[in-house]
Structures are given as structure tokens and as C-alpha cells.
Amino acid sequence: MKNQSVGLTRIIKATRYSVKGIKAAWQNEAAFREEIIVAVLAVMVAFYLDISVIERILLIGSVMLVVIVEILNSAIEAIVDRISSEFHELSGRAKDMGSAAVFLTIILALIVWSAILWQFFMG
């Protein structure tokens, strides 16, 4: 029984840390706020459309992936900024790669949405 309470305590603490991270991203990252607004609107559209469950999951999953990658990018930027405020080639590379990851995820979401909406309206 003790192991279950330890596991539950760990899950509760992990959830608190996660909520704290989401709050920090909301307060400190304009891109995160913008992507959350787009994600909420996209989820509403995905539920409005008469599409299959798999298509709906793909639409919602693709925009949620953008938000997830944005949080990871923000974490990379925070770590780099914590280490030093001076420019360093490796710091710049890390930030650029994080930004590229967000960009590629947005491209993926656009492809998913375009393909499904094309099929919905033209198919």
C-alpha cells in the first residue's frame, strides 16, 4: 500500500510541476500564447467538421504537437540564457535548432490540415 501512495504523491508533484511550466510559458512566451489561441480555435474547428475520428485526432494532434515543441524550444532558450547572456556560437546554434523544430512542426500541422480540409471540401 505504501508504494501506491508514493506513486500517487509522485504523480501529484509531477502534475504541479507541469502546471507550473505551462503557467511560466503563458506568462513569459508570446509565441506560446499565440499558439495556444490558434490551438483552441483549431480544436473547435476540428470538432465542428464532419470528419472521421482519426482525421479529428490528426488535426488536434498536429496543433498540440506545435504547442509541445514550442514549450521544449522555450525550455532550451531558458537554459541557454541561464548559462550566459554573452553570445556564443553553440548557444546561437541551440536556439536556432529549437526554433527550426517549431517551424518544422508548424509545417507538419499545415500539411495535415491542408490534406484533411482538401479532402473535406473537395472529396
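**Figure 1. Ile111 in helix H4.** Helix H4, which spans residues 89–122, contains Ile111. The model shown here and in the following views is a predicted one. Ile111 counts as exposed because its relative accessibility is 53%, and the cut-off for that class is over 50%.

**Figure 2. A nonpolar surface patch that includes Ile111.** Six residues are displayed in this view: Phe103, Leu104, Ile106, Ile107, Leu110 and Ile111.

**Figure 3. The aromatic pair formed by Phe120 and Phe121.** One aromatic pair is found when the whole structure is searched. Its ring centres, those of Phe120 and Phe121, are 4.9 Å apart, and the ring planes stand at 85°, so the arrangement is edge-to-face. Planes over 60 degrees apart are assigned to that class. Phe120 is classed as partly exposed, with a relative accessibility of 33%, whereas Phe121 is exposed, at a relative accessible area of 58%.

**Figure 4. Spans annotated as "transmembrane region" in UniProt.** According to the unreviewed UniProt entry, this annotation covers residues 30–51, 57–80 and 101–121. In the model, residues 30–51 are 86% helix and 0% strand, and the C-alpha atoms at the ends of this span are separated by 32 Å. Residues 57–80 are 100% helix and 0% strand; here the end C-alpha atoms lie 34 Å apart.

Note on methods. Residues numbered from 1 in each chain as written. Predicted model: local features only at pLDDT ≥ 70, side-chain atom pairs only at ≥ 80, totals over all residues. Heavy atoms only, no water. Patch = residues over 30% accessible without salt bridge, like charges linked within 9 Å, V, L, I, M, F, W, Y side chains within 5 Å. Areas by Shrake-Rupley, 256 points an atom, 1.4 Å probe, with all protein chains shown as cover. Salt bridge = Lys/Arg side-chain N within 4 Å of Asp/Glu carboxyl O. Helix = DSSP H or I, 4+ residues; strand = E, 2+ residues; numbered from the N terminus. Buried < 20%, exposed > 50% of the residue type's maximum accessible area, 1.4 Å probe, protein only. Phe/Tyr/Trp six-rings, centres within 6.5 Å; stacked < 30°, edge-to-face > 60°. UniProt positions renumbered as here; feature names shortened; annotations may be inferred.
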